[in-house]
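Biologist: I would like to learn how to read the side-chain features of a model. Could you take me through them?

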Amino acid sequence: MKSLLFGKKAMDFGEEIDKITNAFPEKEKFNLSSQIRRASDSIALNISEGAIGQSNLEQKKFMGYAIRSLAEVVTCLFKAKRRNYISENEFTKLYDEAYHLVNMMSAFRKNIK
């Protein structure tokens, strides 16, 4: 049931990203804001796709996609912080959540036979 726990965490993380991007400048609507939202949604979507009736190899592949999407979100968070769209505290909170989530997903992926 570990996959359910980090799947829920991925869903919650995506909702937090969605909320913070509402405060990004209008000029970022189709750029950084859109990119980080799509990447954060992709995390949970790939976890879900890999978990539904897939072989272990397919599950491992989709978990890899989810991990890469999370890495993309983290890069976007760094860009948002550098552009002063998010505070240091917001960045730290989201970065810590991403770090915890990637550790959970990596451990799960490593244990897929």
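Modeller: Gladly. A charge sits over a ring if NZ of Lys or CZ of Arg is within 6 Å of the ring centre and within 35 degrees of the ring normal. Here, the charged end of Lys81 sits over the ring of Phe91, 4.4 Å from its centre. Please keep in mind that this is a predicted model, where local features need pLDDT of at least 70, side-chain atom pairs count only at pLDDT 80 or more, and totals for chains, interfaces and linings use all residues. Residues are numbered from 1 along each chain as its sequence is written, and side-chain values use heavy atoms, with hydrogens and water left out.

Biologist: How many aromatic pairs are there?

Modeller: Rings of Phe, Tyr and Trp (its six-membered ring) pair if their centres lie within 6.5 Å; planes under 30 degrees apart are stacked, over 60 edge-to-face, and the rest tilted. That rule gives 6 aromatic pairs. One of them is tilted: Phe24 and Tyr85, 5.2 Å centre to centre with 45 degrees between the planes. Phe24 lies in the loop between helix H1 (2-21) and helix H2 (32-51), and Tyr85 in the loop between helix H3 (56-82) and helix H4 (88-110), so the pair links parts of the chain 61 residues apart; helices are DSSP runs (H or I, at least four residues), numbered from the N terminus.

Biologist: Are Phe24 and Tyr85 buried or exposed?

Modeller: Buried means under 20% relative accessible area, exposed over 50%, and partly exposed in between (1.4 Å probe, protein chains only). Both Phe24 and Tyr85 are buried. Next comes an edge-to-face pair, Phe78 with Tyr95, at 5.9 Å centre to centre and 80 degrees between the planes. Phe78 is in helix H3 and Tyr95 in helix H4. Phe78 counts as partly exposed because its relative accessibility is 36%, and Tyr95 is partly exposed at 31%. Together with Phe91, these two residues form one aromatic cluster.

Biologist: Which residues have the most contacts inside the largest nonpolar core?

Modeller: A nonpolar core is a set of buried Ala, Val, Leu, Ile, Met, Phe, Trp, Tyr and Cys residues joined through side-chain atoms within 4.5 Å. The largest has 31 residues, and Phe13, Ile43, Leu77 and Met105 have the most contacts inside it. H1, H2, H3 and H4 each give two or more residues to this core, with the largest share, 9 residues, coming from H3.

Biologist: What is Leu77 in contact with?

Modeller: Contact means heavy atoms within 4.5 Å. Setting aside neighbours within four places in sequence, Leu77 touches Ile17, Ile20, Ile36, Ile86, Phe91, Leu94 and Tyr95.
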